[in-house]
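Please keep the structure open beside the text as you read.

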Amino acid sequence: EITMKTLTKIGLISLACAVTLFAGSAPKAYPEGELGKLVKTGEDILNNTDTHPLTKDLVGNKLQCKNCHLQGADGKPGTADGISSFIGTAAAFPAWSKREKTVQTLQNRSNNCFMRSMNGKRPIIDTDASVAIAAYITWLSEGIPMKMNHKGPWSEHNTKLYPKNVKKFNAIQKKATHANYVNGEKIYASKCASCHGANGEGITGAFPPLWGKNNKGEWLAYNTGAGMSKIDKAAAWVQSNMPLHQGGTMSDQETADVVLYMNAQERADFDLQKMLLPEDK
């Protein structure tokens with residue numbers, strides 16, 4: 001006998017499959033010699049971006065790259081199956097960026113995240129931090145055929161998940177009302193606050209902040225120039241990855257509403273000229 005509980009379970013599994021694809025996994029071994037050391041440095045930066053000696057002065061909040069590029073079953077940043085997996089990313093570059101209105105290299109793309117998601121300063125191309133991050137991301141693409149992306153700076157995996165879901169949520173968010181914001185607040189309290197805090201402050205060392213300032217007046221999360229600050233892009237990411245290890249379990253409307261609430265909260269403005277180091281201006 002098929003019960004309502006069984007049907008609900010089947011429905012959730014189907015939804016999860018619709019927004020998540022298996023991305024792959026990291027290579028079994030690091031490269032040898034100095035290249036291997038550089039790849040490991042890049043991995044360390046992704047795990048400890050705001051405290052690593054090479055990047056701490058370039059970060060203007062309390063986030064790490066791994067907060068968006070989630071750790072997979074192997075514990076490595078950028079190997080989870082949802083949107084923002086790094087598996088195959090390097091194989092898609094150089095790639096077109098609609099936001100930047102130019103063809104970008106992998107270093108350009110990852111360095112720009114420091115200005116936006118990290119609310120900091122853009123690393124100079126070919127500096128130790130810039131090369132190390134690119135080396136780690138490239139290592140995750142070993143064995144994957146090159147296929148430059150003329151549509152956007154995404155791997156083949158992310159291309160299958162990201163654009164169509166951004167379009168879907170864009171249509172939903174255009175119909176948003178204050179009632180959706182209120183519902184989003186309720187969803188946040190029930191599904192998000194236990195990890196990210198009632199006021200978006202996160203839990204230090206465990207779960208990232210999502211908005212606001214600390215008691216020192218320092219910004220905690222991404223600024224208004226980050227992709228995550230856009231309610232359609234953020235919703236695509238959230239549905240694919242959240243709640244943690246339960247990606248694909250929130251409905252379209254739940255996801256749209258909670259992101260509407262989250263991104264209505266206070267965060268730093270984005271000013272391109274203030275985010276560039278003197279050598280890049």
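Helices H5 and H8 are oblique to each other, a word used here for angles that are neither under 35 degrees (roughly parallel), nor over 145 (roughly antiparallel), nor 65 to 115 (roughly perpendicular). The axes of H5 (residues 156-173) and H8 come within 8 Å and cross at roughly 120 degrees. Axes here are lines fitted to C-alpha atoms, for helices over the stretch in contact, with angles from 0 to 180 degrees between N-to-C directions. H5 passes H8 in a right-handed crossing; right-handed means that the near helix is turned clockwise from the far one by less than a right angle, and left-handed that it is turned anticlockwise. On the H5 side, the residues that meet H8 include Tyr-162, Val-166 and Phe-169, while Ile-231, Ala-235 and Gln-239 are among their counterparts in H8. Contact means heavy atoms within 4.5 Å. Helices (H or I, at least four residues) and strands (E, at least two) are DSSP runs, numbered from the N terminus.

A word on the origin of these values: this is a predicted model, in which local features need pLDDT of at least 70 and side-chain atom pairs count only at pLDDT 80 or more, while totals for chains, interfaces and linings use all residues. Residues are numbered from 1 along each chain as its sequence is written, and side-chain values use heavy atoms, with hydrogens and water left out.

Now to the rings. Rings of Phe, Tyr and Trp (its six-membered ring) pair if their centres lie within 6.5 Å, and planes under 30 degrees apart count as stacked, over 60 as edge-to-face and the rest as tilted. By this rule the count comes to 7 aromatic pairs. Tyr-30 and Trp-139 are stacked, because their ring centres are 4.7 Å apart and their planes are at 15 degrees. Tyr-30 lies in the loop between helix H1 (4-19) and helix H2 (33-47) and Trp-139 in helix H4 (residues 128-139), so this pair ties together parts that are 109 residues apart in sequence. Tyr-30 is partly exposed at 28% relative accessible area, whereas Trp-139 is buried at 2%; buried means under 20%, exposed over 50% and partly exposed in between (1.4 Å probe, protein chains only).

Tyr-188 and Trp-211 make a tilted pair, 5.2 Å centre to centre with 50 degrees between the planes. Tyr-188 sits in helix H6 (residues 178-191) and Trp-211 in the loop between helix H7 (193-196) and helix H8 (231-241), 23 residues apart. Both are buried, Tyr-188 at 3% relative accessibility and Trp-211 at 7%. Together with Tyr-181 and Tyr-261, these two residues form one aromatic cluster.

Which residues place a charge over a ring? The table lists two cases, where NZ of Lys or CZ of Arg must be within 6 Å of the ring centre and within 35 degrees of the ring normal.

| Charged residue | Ring | Distance from ring centre |
|---|---|---|
| Lys-40 | Tyr-30 | 5.0 Å |
| Lys-213 | Trp-219 | 4.6 Å |

Finally, the backbone. A cis peptide bond joins Phe-93 and Pro-94, with omega about -5 degrees, and Pro-94 is in the loop between H2 and strand E1 (95-97). Ser-84, in the loop between H2 and E1, is not a glycine, yet has a positive phi of about 90 degrees.
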